[in-house]
Amino acid sequence: MVSFAHIPVLVKETIQALAVQLGGRYVDCTLGGGGHAVAILEHSSPGGQLLGIDADPQAIKVAEAKLQTYRDSTLLINDNFVNLQAICIRYDFYPVHGILFDLGLSSIQLDSNRGFSFQHDAPLDMRLSPSQEITAADIVNTSSEAELAHIIATYGEEAHSHQIARRIVQERPMETTRQLVQAIEQAVGGRKGRIHPATKTFQALRIAVNHELDHLETALKQAINLLGFAGRLVVISYNSLEDRIVKQLMQRESKDCICPPETLTCVCGHTACLRLINKKVITPSPIEVRLNPRSRSAKLRAAERIIVQDDPFSMAEKLSSLVGRETSGWRRPAMLKKLRMAFLLP
Ligand SMILES: C[S@@+](CC[C@H](N)C(=O)[O-])C[C@H]1O[C@@H](n2cnc3c(N)ncnc32)[C@H](O)[C@@H]1O
């Protein structure tokens with residue numbers, strides 16, 4: 001068994017924001033070491049149920065061991081949360097009382113030899129799941145200088161993206177984190193302050209390898225539909241790009257009109273389906289940060305579902321999900337199209 005020392009972040013605040021209740025049904029989209037999952041089950045038992053998802057098979061193993069006591073109340077799925085809706089439909093696990101996203105990486109991943117950290121030498125991998133095809137080394141070694149600069153600027157918000165990209169192209173091929181760190185240091189110099197100069201480039205590559213921002217946005221939209229009335233959506237993010245997506249989506253879905261401000265009469269027809277729980281973002285206390293420095297950048301946002309459709313999912317989506325289970329090689333969008341046509345759905 002792998003050793004695991006991930007300290008869950010903002011646990012009390014998460015349980016409060018989820019308004020965890022006895023017998024409730026919850027989805028933890030980022031199971032990790034199962035720290036939040038245990039807390040949810042403790043507060044919802046007896047009768048509570050938890051569906052836990054993680055893209056990393058190693059995380060599922062660790063969480064399985066941690067959640068032994070609650071094995072009859074848990075269902076753990078090794079998948080990407082971009083498939084949240086299909087997973088919940090497949091296991092008939094909706095509507096739910098609450099959905100949690102605790103984004104980013106667990107300590108087991110940061111401390112592993114999978115290339116997520118610039119602090120120790122490891123292969124340039126950075127995939128959440130070994131089933132993904134593209135590694136960080138693939139991106140570093142095959143992207144053009146302009147593409148690399150774009151990735152580093154967009155996903156790392158790195159001001160020196162062009163210098164770093166130029167140096168990477170000069171130094172490649174590279175296979176290890178140490179080679180990448182050296183190239184970055186040659187481009188912009190070594191550590192000057194608290195933040196290492198490789199921090200932003202590593203973040204950028206990880207986001208690109210795992211399509212983190214696209215998957216987050218897709219999954220959040222799916223999550224809203226899975227919540228029952230007064231169900232809670234809670235998201236803990238660790239960088240400003242993630243937090244922006246969460247904030248904008250929650251704000252938009254908590255407004256009845258999203259027309260541009262200069263519009264005199266509403267033409268959007270948008271209806272609010274969420275209510276913001278905390279108008280101001282929740283962050284860890286100084287004591288939590290001292291005890292767990294990795295919590296320092298955490299930001300928690302929460303919202304409550306206020307309007308629900310009777311059944312948000314079409315028959316075609318349900319069938320597609322069921323058939324998808326039997327014919328795992330089929331591509332779902334193609335299947336969905338066929339089913340839509342078969343059932344003459346728009
Ligand atoms: C910060 S950790 C979660 C820690 C967990 N809350 C705990 O208490 O132990 C984030 C986890 O989310 C997983 N993860 C990140 N993005 C994911 C995605 N798109 N789909 C599924 N899991 C994802 C990572 O593999 C990691 O295990």
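In this predicted model, Gln-222 has a relative accessible area of 14% and is therefore buried, the limit for this class being under 20%. Gln-222 belongs to helix 11, which spans residues 212–226. Leaving aside residues up to four places away in sequence, the contacts of Gln-222 are with Phe-81, Val-82, Asn-83, Leu-84 and Gln-85. With Gln-85 there is a polar approach: a polar atom of the Gln-222 side chain lies 2.8 Å from the backbone nitrogen of Gln-85.

Two aromatic pairs were counted in the model. One of them joins Phe-81, also a contact of Gln-222, to Phe-101 in an edge-to-face arrangement, with 5.1 Å from centre to centre and 85° between the planes. Phe-81 is located in the loop between strand 3 (74–78) and helix 4 (84–90), whereas Phe-101 is part of strand 4 (residues 96–102); the two residues are 20 residues apart, and the pair links distant parts of the chain. Phe-81 is buried, at 13% relative accessible area, and Phe-101 is likewise buried, at 0%.

The other pair consists of Phe-118 and Phe-202, whose ring centres are 5.8 Å apart. Because their planes meet at 75°, this pair is edge-to-face. Phe-118 occupies the loop between helix 5 (107–110) and helix 6 (136–142), and Phe-202 lies in helix 10 (residues 199–210), so the pair ties together parts 84 residues apart in sequence. Both Phe-118 and Phe-202 are buried.

A further ring, that of Phe-93, has the charged end of Arg-25 over it, 5.1 Å from the ring centre.

Technical notes
Residues numbered from 1 in each chain as written. Predicted model: local features only at pLDDT ≥ 70, side-chain atom pairs only at ≥ 80, totals over all residues. Heavy atoms only, no water. Helix = DSSP H or I, 4+ residues; strand = E, 2+ residues; numbered from the N terminus. Buried < 20%, exposed > 50% of the residue type's maximum accessible area, 1.4 Å probe, protein only. Polar contact = N/O pair within 3.5 Å; in protein donor to acceptor, adjacent residues only side chain to side chain. Contact = heavy atoms within 4.5 Å. Phe/Tyr/Trp six-rings, centres within 6.5 Å; stacked < 30°, edge-to-face > 60°. Lys NZ or Arg CZ within 6 Å of the ring centre and 35° of its normal.
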